[in-house]
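Here is a short report for a first look at this structure. Keep the sequence and the model side by side while reading.

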Amino acid sequence: MRARIALAAALCFGCDGGGSAPDASAPDAAAIVDGASMGDAGAGGSCHAFEGPMELGRIDDPGLTELSGLAASRRHPGLFYAHNDSGDVARVYVLDASASVVGRIALTGAAHVDYEDIAVGPGPDGEPWVHVGDVGDNAARDGRGTPRETIAVYRFPEPDDPPRGDLEVGVDTLTLRYPETAHDCEALAVEADGSLLLLTKEDVGPSVLFRASPSSPDLLEALTTLDVGGPDVPGSRNVTAMDLSPGGALLVRSYNRVHLFPREEGERWADALGRPPVPVPARMERQGEAIAWRADGRAYITASEGDGAPVYLYEATTPGCVAP
């Protein structure tokens, strides 16, 4: 996570013209992030083809230089939650459609060891909750130090009003254990039933997908493996983020690729991840550690660590497609 990857910002995998500035005649960024410019989503198949990137803006808060997680608000379309990894206090930043920081949420009762990903999904009441993954563990991956005995996910209900300015919320704490050995992890998602998914970050060998169900939130169960960096999932082996679409499709991000895994309703994750992913565009970023579906599932957003880091949007190219 701290080891810097030298990425040429002007390069792009699977996209055309990714390094150019946005066209001044293009639709307003706020409308695109809100999904207001996308037309009729009722016709056509699933969204599996995307174009971009379009630069929405650059992080303007000097406190948010280690951006490691990004998630779209469900209650307030056009707003996103983000956080630093290690080296910050227990808080979440709120970004608007131009990537400007418009709010900061202090997490009362939460520790801050190594925040690595964030997700919005159903909480214990079935409403949208923000889930902050304090799940990083470099020592478990590189052997330098003592691995963590437990990891944590902190969660709180999305505010009824748009979260702007300085706020404070209390959190529920989910303390998690791996069944056999500790793992490093930078990828968190929440399923439709509230189950947590964690995908490990590995230097050697496949990543492991774990689930913590609402009935046993402290028990992580290994579901399947994913050979990121292997022949079917090329690019960097290090998984740095993931997110689930409204329809249950999984985006998995590494340092230099984004992989889309469509999933049929009720399909086992072992089967969904057993197929080669759909290749989708991913701009080379300085240290890409964040990805989020837009709330409607018809676009995704990426961001990187660094001062004034840009935030990019990739939009579905099929008119009328629906969230995968």
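In which sense do β16 and β17 pair, and over how many bridges? β16 and β17 pair in the antiparallel sense, over five bridges. Strands are DSSP runs of E, at least two residues long, and helices are runs of H or I, at least four residues long; both are numbered from the N terminus. Two strands pair if DSSP finds at least two bridges between them.

This is a predicted model: local features need pLDDT of at least 70, side-chain atom pairs count only at pLDDT 80 or more, and totals for chains, interfaces and linings use all residues. Residues are numbered from 1 along each chain as its sequence is written, and side-chain values use heavy atoms, with hydrogens and water left out.

**Around β17**

β16 and β17 form a hairpin with five residues between them. G248 sits in the turn, with a positive phi of about 100 degrees. A second hairpin joins β17 to β18 through three residues. β17 and β18 run antiparallel, joined by four bridges.

Some bridge partners are listed here.

| Residue | Bridge partner | Strand of the partner |
|---|---|---|
| D243 | L251 | β17 |
| R253 | V258 | β18 |
| I105 | L167 | β10 |

Strand β17 covers residues 250-254, and five of its five residues are buried. Buried means under 20% relative accessible area, exposed over 50%, and partly exposed in between (1.4 Å probe, protein chains only). In a regular strand the side chains alternate between the two faces of the sheet. In β17, L250, V252 and S254 lie on one side, L251 and R253 on the other.

N238 lies in the loop between β15 (221-226) and β16 (239-244). N238 counts as buried because its relative accessibility is 15%. Its contacts (heavy atoms within 4.5 Å) include R253 and S254. The side chains of N238 and D203 are joined by a polar contact of 3.0 Å. Such a contact is a pair of N or O atoms within 3.5 Å; within protein, one must be able to donate a hydrogen and the other to accept it, and residues adjacent in sequence count only if both atoms are side-chain atoms.

**An open sheet**

Five strands form an open sheet with mixed pairing, in the order β3-β4-β5-β6-β10. β3 (67-72) and β10 (165-170) are the edge strands. β6 and β10 run parallel, joined by six bridges.

**The disulfide**

The whole structure holds one disulfide (cysteine sulfur atoms within 2.5 Å). C47 and C321 form it, with sulfur atoms 2.0 Å apart. The pair ties together parts 274 residues apart in sequence, because C47 lies in the loop between α1 (29-34) and β2 (50-58) and C321 in the segment after β23 (310-316). Both C47 and C321 are buried.

Technical notes: Lists of a residue's contacts leave out its neighbours within four places in sequence.
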